[in-house]
Each structure stands twice: as C-alpha cells, then as structure tokens.
Amino acid sequence: MSAVRPAPDLASGAAQRDLFEWYTSGTGVVLQRHDYGLAAAGDSRAIHVPAGPNHVHRAASLASEALDETPGLGVVMGALPFDGTCEAILRLPERVIRVVPSHGGVAPQPGWTVTDLVPDPLPTEYEAAVERALVAIDAGEVEKVVLARTLQVKADALIDPRLLARRFNAGERGSFVFLVALPGGASTLVGASPELVVRRRGRKVFSDPLAGTARRSQDRTRDREIARQLLEAVKEQREHRLVAEAVADALTPFCSNLVVDSEAGLTSTATLWHLHTAIKGTLKPDAPDALTIAAALHPTPAVCGTPQAAAAALITRLEPFDRRFFAGLVGWVDTLGDGEWALTLRCAEVSGSTARLHAGAGIVAGSEPAMEDLETEAKFGVGLRALGVEPDRV
C-alpha cells in the first residue's frame, strides 16, 4: 500500500470537487461534510468484520492491526451495522482523494420515477409497538427505547447511488454525507447523517449527540415557534438528557478534561429541528483511536435506548425486521488515531431499482404513539425527497 496523499489534479475547480465521481460499484467509499471530503481510489485492502457480538470493538481491533501494517499514513473507511447481525467490510484504500467538497446547489434530477412505497410495519402496527414499549417503560424494564420503521421504495429504473448521494448532499447541507458499497457488492448505503458520534483530532475529542426532533416549516414565523416549542418540551428534554449523559459518561474515562453544555440547544437540517448538546474534551495521552472510542459509545441511547441491554432486547422483540446498517456507524480512522464516525441515519440501502429507508423515534414516559409515528414520517421525508418524492403519510 502506498502512502495516502492528496490528488494534485483535484486541487481546484467546483466540478473536480465532486467526490462522488470517484465511487466505484462494489468497493467504493465516499465520505464528506462541509469542511472535508475523502474518497477511496485505486485498489483497497478489504477488512472483513464477521457478524457476531462486539462487532464495533472487533472492527476497531482489525482496523488498528491493518493500519499498523501499512507504511505511511493509512486511512480505514466504511460503515458498520447497528448490532453485528451482518458482516461488514472496511476499506484501506491504496490512495485517498482529499478535497474541500462542494455543497448545496441545485439537486440533479433523478433518472428514475418512484412507483410504489411499502411500509413495514404499517403506521397502525408501529403505534401498537410504541404502546407495548410504553408498557415496558411503565414496568421499569427500560427508561428509553428507540423503535424504527422501514419503507421500501420501488422505482421504474435503476437508482444510481452517486446521483442519489448528490441529491442528499444538495438537500441536507452541513450533514455528513456517505456513499458506501456494502458486502456482496449488490447494495450501497447512501445518506446524509446529522449526528456526530465522535471526532478525534490529536488530543481533542468532540461529540454532538442529538435527540428530540420536530419537523420544520417553510413559514419563518411558524418555524421559529416550532423551534421554541421543541426547546421547551419536557418529554423531548428528558429524551435528550438520557442521550447526552450517556455519551458524556462513556467519554469520561478517555479524557483528562471534558466540557459538556449545561443545557440542550437547537440545531437544524433543511427539514428538521433537533435538540443537541455539544461535548468536547482533551484526551489522556494513552487514549485509543477514534474508532475504538466510537465502539465504547455505540449504540448510544439516541439509536438504542437505556439501559442499553434491556433496550436492545426490547427492540429485537418489537421490530419485525433487521436494521442492518441503519443506526450503525460510518466514517474513517487513520494511522494517527484521528478520525470521525457518525450515525448512519437519514439513509437508504439501494439495490437495483429499490431503496429501503429506515426511521426511528425515541420512546420515553409521556410519548404518544401517534406523535412518534409522525416523527418517523418526518425523518422518512429526507430520503424520500432525495429519491424524488414529496412525502405524504407513509
């Protein structure tokens, strides 16, 4: 493997900053946010992470071993599933293209037309699952659990993952956009996540947990009112606090100093408001790499619940599908230990002319099944718009 280096031929020019052109079917990985972009180029070493327990921990160990064997500055990139029910393949590319990416602009028109939407479970079935979760909460089994739904989107032509990534990128400015070939080569994970699990830069570490969501309005006055109501909502604040506290507790052993916002603030995407807490710290000299730290945090209560083991067991009982890579991790780690890992949210798993979307909502005491269903619809809307559909009730 040669040392990782920037691509001189991509140093300037808006068209040249379209990293999605570098995506290769079956093995490609492209990751970008507002201030950097990384794309795998050339041959890559595949790091196979078999299905099974402790999946992210094993992935971190295998990635570290591969980087130790690589001369120069190597980078491991890819996506990991929610709970290890399927194999993952991380990539150590021969060459990594690094540029400041272009964002926003006019979304390209899709080369397909959506012909059918198939929800699983149906909204009424999802609301019944939320009611069962509330019974478990009242019984003291869990304090919070995140329940998800899926939506299969069928089109009349092949869905081009690169074009879909460009549409996510144009519609969700500031999000962590990803385009990752999944094991087997037949499907691709595409999305734009708003949630950072961990970023490591030298001795500095950052996390930005989100929980508590509201759909935005195009009317500015109404949009401000929605934001205010979210910030003051007792149920949403309770849900968010569980996530922020868990992330801070998990980061504490790695840090000599940790600063956590005293109160939740607001952050937004193009279509949604979220409560967030900024967390930043200074790592101890012997702190591990970014993926190992991410393994200690995952799955946070933002995508699982609390207590973690009980919430995961409840998810298995109440969700009639395998999450696969939804609510997992996507990102990179390098030889220096630096890296960034985000949650695989607002994403689609694309295969041929179909795409499967996922959306979840955090259930706590006081949750209302119909409102949680509406929250999942709002989150489906991000992927549906990228696929060329103006969302309706799903």
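Is Ile279 buried or exposed? In this predicted model, local features require pLDDT of at least 70 and side-chain atom pairs count only at pLDDT 80 or more, while totals for chains, interfaces and linings use all residues. Residues are numbered from 1 along each chain as its sequence is written, and side-chain values use heavy atoms, with hydrogens and water left out.

Ile279 has a relative accessibility of 3% and therefore counts as buried (under 20% relative accessible area, with exposed over 50% and partly exposed in between, for a 1.4 Å probe and protein chains only). The residue lies in strand β15, residues 279-283; strands (E, at least two residues) and helices (H or I, at least four) are DSSP runs numbered from the N terminus. Beyond its neighbours within four places in sequence, Ile279 is in contact with residues including Val205, Phe206, Ala244 and Leu258, contact meaning heavy atoms within 4.5 Å. Val205 is 74 residues from Ile279 in sequence, yet their C-alpha atoms are 8.3 Å apart.

The axes of helices α3 (residues 161-171) and α8 (residues 369-386) come within 8 Å and cross at roughly 125°. The contact is formed by Leu164, Arg167 and Phe168 of α3 with Val382, Gly383, Arg385 and Ala386 of α8.

A disulfide is a covalent bond between the sulfur atoms of two cysteines. With a cut-off of 2.5 Å between cysteine sulfur atoms, the count is zero disulfides. The sulfur of Cys347 is 12 Å from the closest cysteine sulfur, that of Cys86, and is therefore too far for a bond. Cys347 is buried, at 4% relative accessible area, and Cys255 is buried at 8%.

Key. Axes fitted to C-alpha atoms, helices over the stretch in contact; angles between N-to-C directions.
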